[in-house]
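Hi,

Here is the structure I promised to pass on. Have a look at it first, and then read my notes below.

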Amino acid sequence: MSARLSPQAAILRHAVLLITAALILTPFVWMISLSMKPPGEIFREHFAFLPQQWYAVQNYRKALTSAPLPRYMGNGVLVCAAILTLQILICAPCAYALAKLRFPGRDLIFGLVLIGLLLPHQVLSLPLFVLCYELGILNTYAALIFPFVVSPFGIFLFRQVFKTIPDDVVHAGRLDGLSELGIVWKLMVPMALPAVIAFSIFSVVGRWNDLFWPLIAVRSESLMPPPLGIIAFANEEAGNDYGPLMAAATIVILPLVVAFLVAQKWFVEGMTGGAVK
Amino acid sequence: MAAYALAGPAVLLLFLLFFVPVIAVFVIALTDWQFGAHTFAFVGIANFREVFGDDGFRASLLNTVIYVLIVVPGTVILGLAIAMLIESGRSLRAFYRAIHFLPFMATLAAMAIAWEALLHPTIGLVNQTFSALGLPTANWLRDEVTALPVLAIIGIWQNLGFAMVLFLAGLKSIPRDLYDAAEIDGADLWLDRFRTVTLPMLGPVLMFVVIVVALRAFEAFDTVKVLTKGGPGHASDVLLYTLYRESFEYLRTGYGAAVAVVFLVIVVALTLIQARVMDKRVHYQ
């Protein structure tokens with residue numbers, strides 16, 4: 001709004017924002033603080049951010065060894081990567097057909113995509129559970145991946161962006177002897193790269209953080225993605241061994257938080273673009 | 001033909017993973033089918049009758065509405081206030097934006113565990129601070145009066161940054177001239193300019209944020225699952241948690257499907273309102 005704040009107003013602005021920022025950060029700070037303390041200090045009834053006796057190494061080592069935390073993280077990476085790859089492979093060609101080709105039924109398919117956008121995934125969980133059961137893939141990686149391989153939002157977003165690419169590009173591609181699929185992968189997707197990146201962030205953040213579906217789809221610890229794994233860890237420890245538990249929580253949120261801090265603009269775009277969904 | 005080959009896999013999967021399941025939910029909700037059974041019979045609205053006759057479900061529905069009614073105004077008002085504060089100056093904009101947006105990115109299941117430690121009755125920072133200030137303390141997550149409001153506060157904490165970035169985009173699109181014009185017209189006070197320029201210009205964005213945040217609030221699940229399991233009693237039960245528990249822990253298939261249908265109706269209604277709002281925004285500009 002107004003670019004000319006009086007010095008008092010500018011100080012007030014910083015004061016208020018620093019207070020709200022501190023409140024927002026409190027859970028993070030508390031988590032990191034506990035993750036560095038020995039049990040004796042955690043259960044002491046007065047607060048100090050820094051431990052008197054540094055216990056970070058022990059806590060983080062215990063988090064990484066007593067629970068299969070590296071395995072959870074690996075599962076998360078594998079599942080997110082598989083879902084994203086399949087989503088792009090499946091959605092981009094469909095989006096291209098909807099944006100650039102003329103064929104009977106196109107509007108109907110686009111209508112279906114829009115209806116798909118409306119459906120919250122949790123509502124579908126019961127039939128999807130039955131489907132995974134019938135396919136015999138419950139409690140496998142396939143159960144974590146399969147329900148998400150097609151994304152109505154992905155098709156919708158790519159279609160909107162492909163539409164803005166001039167038809168001449170498509171014609172030129174055909175003159176150069178590219179197949180329709182060649183046009184998708186060599187021309188459309190590279191030209192729509194910002195949208196592809198935004199969608200990737202939207203997809204990976206959503207899948208990495210998802211608790212609902214993994215809770216239903218897998219039972220074995222060796223298959224659990226991070227959110228489910230951290231809950232299993234919390235239950236096993238019965239909430240008494242706070243140090244390693246907080247260390248584990250810190251490790252789980254770290255990849256996305258670091259990626260976000262490095263590429264803030266991209267993340268904000270990817271996550272708010274998803275709001276249209 | 002190429003078009004069908006390109007769109008085919010996606011369309012096929014949309015049917016298999018979205019349309020058949022959503023129809024199946026309605027069918028299951030209208031039958032007595034149980035998971036694993038080979039036969040079923042249509043029972044009309046018996047499942048819905050059971051669901052709405054159940055005190056547990058009614059508590060869950062009411063809790064969800066209360067949760068949404070706390071989270072939406074809290075998130076929207078704080079998100080707007082913080083966005084306006086950030087936008088009102090030049091320095092440290094990216095820094096403040098990043099910090100306030102952070103909870104929206106962080107894995108909620110893991111942060112719920114941090115909140116549990118924060119809210120711990122004896123060693124938690126909240127009770128330590130409150131007792132030092134002479135404020136009343138509580139076992140926040142085990143008290144049936146406080147459990148739901150505390151979950152709602154965590155919901156506000158998580159979604160506030162999301163509302164903030166949507167408002168930041170909206171504020172940037174308000175032409176500077178309008179503020180100058182308002183000032184010439186005698187809107188000297190900040191509040192006058194807020195009332196005559198910011199709010200009206202932000203109207204569609206505001207409506208959009210309200211609905212998007214409401215949708216996210218209706219989908220609350222992770223904090224309930226990790227922190228309260230809907231308890232004590234049904235004090236913090238919400239729709240998605242009821243859906244999960246009845247369908248997958250108690251294996252009450254028909255009941256679960258009926259809850260899913262109720263949930264779907266609410267979410268679709270909200271999304272359609274949002275689509276209308278978006279439509280209007282496009283036409284007016």
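Buried residues make up 45% of the 277 residues in chain A; a residue is buried if 20 or more other C-beta atoms lie within 10 Å of its own, exposed if 12 or fewer, and partly exposed in between, with C-beta atoms placed from the backbone. Before you go further, keep in mind that this is a predicted model: local features need pLDDT of at least 70, side-chain atom pairs count only at pLDDT 80 or more, and totals for chains, interfaces and linings use all residues. Residues are numbered from 1 along each chain as its sequence is written, while chains are lettered from A and ligands numbered from 1 in the order in which they are written.

Chain A has 15 helices and zero strands (helices are DSSP runs of H or I with at least four residues, strands are runs of E with at least two, numbered from the N terminus). Its radius of gyration is 24 Å, well over the 19 Å that the globule rule gives for 277 residues, so chain A is more spread out than a compact globule. That radius is taken over C-alpha atoms, and the rule is 2.2 Å times the number of residues to the power 0.38. Along the principal axes, the C-alpha atoms of chain A fill a box of roughly 70 × 65 × 35 Å.

Now for how the chains meet. 76 residues of chain A are in contact with 74 residues of chain B, where contact puts the two C-beta atoms, placed from the backbone, within 7 Å. On the chain B side, helix α1 (residues 2-29) gives the most, with 17 residues. By class, that side has 60 nonpolar, ten polar and four charged residues. (Ala, Val, Leu, Ile, Met, Phe, Trp, Tyr, Cys and Pro count as nonpolar, Asp, Glu, Lys and Arg as charged, and the others, Gly among them, as polar.)

One helix pair spans the two chains: the axes of α1 (residues 7-34) of chain A and α4 (residues 93-105) of chain B come within 9 Å and cross at roughly 30 degrees. Axes are lines fitted to C-alpha atoms, for helices over the stretch in contact, and angles run from 0 to 180 degrees between N-to-C directions. α1(A) and α4(B) are therefore roughly parallel (under 35 degrees; over 145 is roughly antiparallel, 65 to 115 roughly perpendicular and the rest oblique). Among the residues making this contact are L17(A) and A21(A) from α1(A), and Y96(B) and I99(B) from α4(B).

Inside chain B, α7 (residues 147-172) and α9 (residues 190-218) pack at about 155 degrees, with their axes 10 Å apart. That makes α7(B) roughly antiparallel to α9(B). By class, their contact has eight nonpolar, three polar and one charged residues.

Is α5(B) enclosed or open? Eleven of the eleven residues of this helix (residues 108-118) are buried, so α5(B) is largely enclosed by the rest of the structure. W115(B) and E116(B) are among those buried residues.

Most residues other than glycine have a negative phi. N139(A), though, has a positive phi near 60 degrees, and is found in the loop between α6 (125-135) and α7 (141-145) of chain A. K229(B) has a positive phi of about 50 degrees without being a glycine; its place is the loop between α10 (222-228) and α11 (239-249) of chain B. With 16 C-beta neighbours inside 10 Å, N139(A) counts as partly exposed, and K229(B), with 14, counts as partly exposed too.

Cheers
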